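Hi everyone, thanks for coming. Let me put a structure on the screen and walk you through it.

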Amino acid sequence: MYIPYRETIRGTVTAEGKHKKQSGGHGQFGHVFLEIEPLLTGEPFEFVDAIFGGAVPRQYIPAVEKGVRETLEKGLLAGYPMINVKVTFKRRLLSSCRFF
(Lines give C-alpha, C1' and ligand atoms only; values in the text may rest on other atoms or scores of the structure.)
Protein backbone atom coordinates (compact mmCIF):
# COMPACT_ATOMS: atom_id res chain seq x y z
CA MET A 1 0.00 0.00 0.00
CA TYR A 2 1.31 3.45 -0.95
CA ILE A 3 0.40 6.45 1.22
CA PRO A 4 1.19 9.81 -0.44
CA TYR A 5 2.43 11.85 2.53
CA ARG A 6 2.61 15.62 2.18
CA GLU A 7 3.93 18.46 4.31
CA THR A 8 2.41 21.90 4.93
CA ILE A 9 2.71 24.84 7.32
CA ARG A 10 0.28 26.32 9.83
CA GLY A 11 1.77 29.77 10.44
CA THR A 12 3.44 32.66 8.65
CA VAL A 13 7.21 33.03 8.64
CA THR A 14 9.82 35.20 6.93
CA ALA A 15 12.80 33.34 5.49
CA GLU A 16 15.95 34.47 3.75
CA GLY A 17 18.04 32.76 1.12
CA LYS A 18 21.53 33.45 -0.15
CA HIS A 19 23.31 32.49 -3.35
CA LYS A 20 27.07 33.01 -3.68
CA LYS A 21 29.23 31.83 -6.54
CA GLN A 22 32.70 32.87 -7.65
CA SER A 23 34.27 31.30 -10.73
CA GLY A 24 36.66 33.86 -12.13
CA GLY A 25 35.67 37.33 -13.17
CA HIS A 26 32.57 38.79 -11.59
CA GLY A 27 30.96 36.77 -8.84
CA GLN A 28 27.29 36.09 -8.35
CA PHE A 29 25.51 37.06 -5.16
CA GLY A 30 21.84 37.13 -4.30
CA HIS A 31 20.16 37.62 -0.92
CA VAL A 32 16.37 37.42 -0.89
CA PHE A 33 13.63 37.53 1.72
CA LEU A 34 10.48 35.47 1.34
CA GLU A 35 7.26 35.44 3.35
CA ILE A 36 5.83 31.93 3.60
CA GLU A 37 2.27 31.34 4.77
CA PRO A 38 -0.53 28.79 4.57
CA LEU A 39 -2.58 28.91 1.38
CA LEU A 40 -6.27 28.55 2.15
CA THR A 41 -7.62 28.43 -1.42
CA GLY A 42 -7.00 24.72 -1.91
CA GLU A 43 -4.28 25.31 -4.50
CA PRO A 44 -1.02 23.45 -3.86
CA PHE A 45 1.26 26.49 -4.33
CA GLU A 46 1.18 30.21 -5.09
CA PHE A 47 4.15 32.48 -5.81
CA VAL A 48 3.64 36.24 -5.44
CA ASP A 49 6.17 38.78 -6.70
CA ALA A 50 5.89 41.77 -4.35
CA ILE A 51 9.04 43.46 -5.68
CA PHE A 52 8.40 46.81 -7.33
CA GLY A 53 10.35 49.69 -8.77
CA GLY A 54 12.97 47.53 -10.48
CA ALA A 55 14.67 46.49 -7.23
CA VAL A 56 15.29 43.08 -8.82
CA PRO A 57 15.74 42.76 -12.58
CA ARG A 58 12.72 40.96 -14.07
CA GLN A 59 14.85 38.18 -15.56
CA TYR A 60 15.83 36.96 -12.05
CA ILE A 61 12.28 36.53 -10.70
CA PRO A 62 11.72 33.15 -12.47
CA ALA A 63 14.97 31.84 -10.94
CA VAL A 64 13.72 32.68 -7.45
CA GLU A 65 10.39 30.97 -8.15
CA LYS A 66 12.17 27.92 -9.56
CA GLY A 67 14.28 27.62 -6.39
CA VAL A 68 11.16 27.85 -4.24
CA ARG A 69 9.37 25.19 -6.31
CA GLU A 70 12.35 22.81 -6.10
CA THR A 71 12.52 23.23 -2.33
CA LEU A 72 8.79 22.62 -1.91
CA GLU A 73 8.99 19.46 -4.05
CA LYS A 74 11.74 18.07 -1.78
CA GLY A 75 9.98 19.02 1.45
CA LEU A 76 11.56 20.58 4.51
CA LEU A 77 11.08 18.26 7.46
CA ALA A 78 10.49 14.69 6.38
CA GLY A 79 11.31 14.90 2.67
CA TYR A 80 7.71 14.87 1.41
CA PRO A 81 6.36 17.48 -1.04
CA MET A 82 4.85 20.58 0.54
CA ILE A 83 1.33 21.68 -0.37
CA ASN A 84 -1.01 24.59 0.42
CA VAL A 85 1.85 27.11 0.62
CA LYS A 86 1.91 30.75 -0.48
CA VAL A 87 5.36 32.31 -0.98
CA THR A 88 5.74 36.06 -1.41
CA PHE A 89 9.02 37.44 -2.76
CA LYS A 90 9.38 40.50 -0.50
CA ARG A 91 12.77 42.10 -0.97
CA ARG A 92 16.45 41.62 -1.60
CA LEU A 93 19.68 43.16 -0.38
CA LEU A 94 21.99 45.19 -2.58
CA SER A 95 25.06 43.59 -4.08
CA SER A 96 28.20 44.93 -5.70
CA CYS A 97 28.36 41.89 -7.97
CA ARG A 98 26.47 41.41 -11.21
CA PHE A 99 23.90 38.90 -9.95
CA PHE A 100 21.25 41.12 -8.26
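Let's begin with the contacts, meaning heavy atoms within 4.5 Å. In the protein chain, among contacts between residues at least 6 apart in sequence, 70% join residues at least 24 apart.

A word on the background. This is a predicted model, where local features need pLDDT of at least 70 and side-chain atom pairs count only at pLDDT 80 or more, while totals for chains, interfaces and linings use all residues. Residues are numbered from 1 along each chain as its sequence is written, and side-chain values use heavy atoms, with hydrogens and water left out.

Now the layout. The protein chain has one helix and four strands, and along the sequence they follow the pattern β-β-β-α-β. Helices (H or I, at least four residues) and strands (E, at least two) are DSSP runs, numbered from the N terminus. The C-alpha trace spans about 55 × 30 × 20 Å along its principal axes.

What about the inside? Of the 100 residues, 27% count as buried; buried means under 20% relative accessible area, exposed over 50%, and partly exposed in between, with a 1.4 Å probe and protein chains only. The largest nonpolar core has 16 residues, and those with the most contacts inside it are Phe47, Val68, Val87 and Phe89. Such a core is a set of buried Ala, Val, Leu, Ile, Met, Phe, Trp, Tyr and Cys residues joined through side-chain atoms within 4.5 Å. Strand S2 (28–38), strand S3 (45–49), H1 and S4 each give two or more residues to this core, and H1 gives the most, with four.

So which residues does Phe47 touch, leaving aside its neighbours within four places in sequence? They are Ile61, Val64, Glu65, Val68, Val87 and Phe89.

A search of the whole structure finds one aromatic pair. The rings of Tyr5 and Tyr80 have centres 5.2 Å apart and planes at 45°, so the pair is tilted. For reference, rings of Phe, Tyr and Trp (its six-membered ring) pair if their centres lie within 6.5 Å; planes under 30 degrees apart count as stacked, over 60 as edge-to-face and the rest as tilted. Tyr5 lies in the segment before strand S1 (13–21) and Tyr80 in the loop between helix H1 (61–74) and strand S4 (85–92), so the pair ties together parts that are 75 residues apart in sequence. Tyr5 is partly exposed, at 46% relative accessible area, and Tyr80 is partly exposed too, at 34%.
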